[in-house]
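Subject: Structure handover

Hello,

Here is the structure for you to look at. My notes on what was found follow below it.

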Amino acid sequence: MFLAPFLAIFLIFTAIPTVLAVSASLTDMSARDVRDPFAVNFVGLDAFAKVLGNPSFQGAFLNTIMFVVLCVPLSMALGFALALMLNRGIRRLRAFFRAAVYVPVITNIVAAAVIWQYAFSISGPVNSSLGALDLAQPNWLGESGWSITLVVMMGIWRTAGTCMILFLAGLQAVPEEMYEAAATDGASGLRRLWSITLPLLRPTTLLVTVLMTVSFLNIFEEPFLLTKGGPLGSTRSMALWVYEQFGFGNISASMAGSVVLLVLVGIVAIVQFRMLRPKH
């Protein structure tokens, strides 16, 4: 009986929506069929074929992979470096710095995006500062390369704090006696990091890797709020593409895209678990 609340929440918010999404992806459902959803035609995998052959979806897929490839390692590296500094390097005001780094995680994303848009606008403070230093002033939100850079920067800014907290918890679980014994044997700090810290952090690294990868495969807020997926779709993610198709009334295409994204997330998570799981 104590599992009943969990099962009810799982059914209502996960299982049933997933079944409905898969069902809709196998039909030709559009916005016109919302009032009479049982009048749709079963088309099998046609919607998936159209979605996978759609150039805009292919572009969104490549953009999403690029966000994962860039943001996951950079977020983890920054979070790990901050965790190391907070665990050993910074002695005073440790709680303050820990909270300061974690602030972006709990900051309202809409308010943060507005500030970022203002800061990186053509005449914003960032370009003004660059101009004062006689440096080039990019069109951050209007050029493809700079827009992608901005989305990646904001993604890292938002997630590095989560990585730091998880790595910090892992670091504080490492027995201090191991470091003291290694230091007595003459091991350098880099050697202790390589031979003690990183092996013992393997479960934490696996958790952070999976969480960050799933998070960036589903990236939506940053490109939606900063660039609306532009310019010319250069920052459109798969999640944003699904949202746009739903807004256009292409419900079957939207559901097919969401199923493809769900399968991709599942495959990547399984591969990561198998590659990074502890070896006995």
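Aspartate 134 counts as exposed, because its relative accessibility is 70% and the cut-off for exposed is over 50%. Bear in mind that this is a predicted model. Aspartate 134 sits in the loop between α6 (125–132) and α7. Its phi is positive, about 60°, although aspartate 134 is not a glycine. Most residues other than glycine have a negative phi, and most peptide bonds are trans.

Lysine 228 is another case. Its phi is near 55°, again a positive value in a residue other than glycine. Look for lysine 228 in the loop between α11 and α12. Lysine 228 counts as exposed, since its relative accessibility is 53%.

The loop between α11 and α12 (238–247) also holds proline 231. A cis peptide bond joins glycine 230 to proline 231, with omega at about -5°.

Serine 234 is found in the loop between α11 and α12 too. Is serine 234 buried or exposed? Serine 234 is buried, because its relative accessible area is 11% and buried means under 20%. Leaving out residues up to four places away in sequence, serine 234 touches Asn63, Ser144, Ile148 and Gly229.

**Overall layout**

The protein chain has 13 helices and zero strands. The C-alpha atoms fill a box of roughly 75 × 60 × 35 Å, taken along the principal axes.

Of the 280 residues in the protein chain, 39% count as buried. Now take the contacts between residues at least 6 apart in sequence. Of these, 69% join residues at least 24 apart.

**Surface and charge**

The accessible surface of the protein chain comes to about 16,100 Å². Carbon and sulfur atoms account for 70% of that surface.

One nonpolar surface patch covers about 1,000 Å². Leu3, Phe6, Leu7, Ile9, Phe10, Leu11, Ile12, Phe13, Ile16 and Leu20 make this patch.

The protein chain carries 17 positive and 13 negative charges. The mean positions of the positive and the negative charges are 8 Å apart.

**Salt bridges**

Side chains of opposite charge can pair when their charged atoms come close. How many salt bridges are there? The count comes to two.

Arginine 158 and glutamate 222 form one of them, at 3.2 Å from N to O. Arginine 158 lies in helix α7 (residues 144–172) and glutamate 222 in helix α11 (residues 221–226), so the pair ties together parts that are 64 residues apart in sequence. Both arginine 158 and glutamate 222 are buried.

The side chains of glutamate 244 and arginine 236 also meet in a salt bridge, at 2.7 Å from N to O. Glutamate 244 and arginine 236 are both buried.

**Two more places to check**

Methionine 66 is in helix α3 (residues 55–89). Methionine 66 is partly exposed, because its relative accessible area is 27% and the band for that class runs between 20% and 50%.

Serine 252 belongs to helix α13 (residues 251–276). Serine 252 is buried, because its relative accessible area is 13% and the cut-off for buried is under 20%. What does serine 252 contact, its neighbours within four places in sequence aside? The list is Ala24, Ser25, Thr27, Asp28, Met29 and Ala47.

**In brief**

If you open a few views, start with these:

- The cis peptide bond between glycine 230 and proline 231.
- The buried salt-bridge pair of arginine 158 and glutamate 222.
- The nonpolar patch that includes Phe6, Phe10 and Phe13.
- The positive phi of aspartate 134.

Best wishes

Conventions:
Residues numbered from 1 in each chain as written. Predicted model: local features only at pLDDT ≥ 70, side-chain atom pairs only at ≥ 80, totals over all residues. Heavy atoms only, no water. Helix = DSSP H or I, 4+ residues; strand = E, 2+ residues; numbered from the N terminus. Buried < 20%, exposed > 50% of the residue type's maximum accessible area, 1.4 Å probe, protein only. Contact = heavy atoms within 4.5 Å. Areas by Shrake-Rupley, 256 points an atom, 1.4 Å probe, with all protein chains shown as cover. Lys, Arg positive; Asp, Glu negative; His and termini not counted. Charge placed at Lys NZ, Arg CZ, Asp CG, Glu CD. Patch = residues over 30% accessible without salt bridge, like charges linked within 9 Å, V, L, I, M, F, W, Y side chains within 5 Å. Salt bridge = Lys/Arg side-chain N within 4 Å of Asp/Glu carboxyl O.
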